[in-house]
Amino acid sequence: MREAMDPWTFVAASYAIGVGATLAMVAWALLTMRRAEKRRDESRKR
Amino acid sequence: MHGFANPARFLRIARWLMPLCMGVGLVVAALALGWGVLLAPAERLQGETVRIMYLHVPAAWLGMAGWMGIAAASFTELVWRHPLAAIAARACAVPGAVFTAVCLVTGSLWGRPAWGTWWVWDGRLTSMLVLLFLYFGWMALSQASQSSDGTENRAPAIFGLVGAVNVPIIHYSVIWWNSQHQPPSITMGKSAMSGDFLVPLLAAMVGFTLIFAGVVLARMRAILADQQAEARLRRKAFSEVEF
């Protein structure tokens, strides 16, 4: 007997993980860039 | 290419190119995924689960493209000692690893309803998992080989070139060996796919590629800024010791 599975569960899980990981990576890249450039600018002022 | 060897010139370009790539990429990827989920038809055999393809295929492409970026930057570093090459390689590593991981997870979620299993140890899946481990190894080696002045990049560059042998293995694995995974649907200039699936898939690939480019540029800016701040603080410390 074949197991009945709701395909939308798998689609939703894929999109949640894929989109979530992409957005988290974009946010991390922007945040680390801002912090590093701020640190560089502060080192110029000293 | 040596025209971009000057970090100041690179930064002038990256300052407007990075937000442009990221902004356009996010919009195009969001529209493509919305199209894939809401408007594209279900597939005759796979049904609704085919919608996972609009995430899985761009992630697979960018996982491999990330390593090819590392390999190209490594070659440039070893041959021409381009000052931005090692920075570009380091910037490709995290987005490449993230997209490889997304490819593996979404592939597993697609495999369960399509094949009846989360995982099989066949050529395609195993070589993609090896790629993820190569990324981890490369990042660890790159971190460990950074000398105090940030100039020791030869070991990760050699690893980056040697690891590139895995990329054609991933690509041809479904042709060389029996696999649960289907053979490539899109080859140079040809597609076995209907336009209903192909157009949103290509749009998603363009969108995610632009996001990848934006993240790489942001990482390069961050690494450059860190190196500049370190160099300045070191110079200051030396000058204080001298006087």
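The model is predicted: local features need pLDDT of at least 70, side-chain atom pairs count only at pLDDT 80 or more, and totals for chains, interfaces and linings use all residues. Residues are numbered from 1 along each chain as its sequence is written, and chains are lettered from A and ligands numbered from 1 in the order in which they are written.

Start with chain A. It holds one helix and zero strands; helices (H or I, at least four residues) and strands (E, at least two) are DSSP runs, numbered from the N terminus. Its C-alpha trace spans about 75 × 10 × 5 Å along the principal axes. Of its 46 residues, 22% count as buried (20 or more other C-beta atoms within 10 Å of the residue's own, with C-beta atoms placed from the backbone).

Now the interface. Chain B gives 31 residues to the contact and chain A gives 25 (contact: C-beta atoms, placed from the backbone, within 7 Å). On the chain B side, H1 (7–39), H2, H3 (85–115) and H7 (195–242) each give two or more residues. H7(B) has the largest share, 13 residues.

Finally, look inside chain B. The axes of H2(B) (residues 53–80) and H5(B) (residues 154–163) come within 8 Å and cross at roughly 130°. Axes are lines fitted to C-alpha atoms, for helices over the stretch in contact, and angles run from 0 to 180 degrees between N-to-C directions. H2(B) touches H5(B) through residues including Trp67(B) and Phe75(B). H5(B) answers with Ala157(B), Gly160(B), Leu161(B) and Gly163(B).

How values were computed
Two residues are in contact if their C-beta atoms, placed from the backbone, lie within 7 Å. A residue is buried if 20 or more other C-beta atoms lie within 10 Å of its own, exposed if 12 or fewer, and partly exposed in between; C-beta atoms are placed from the backbone.
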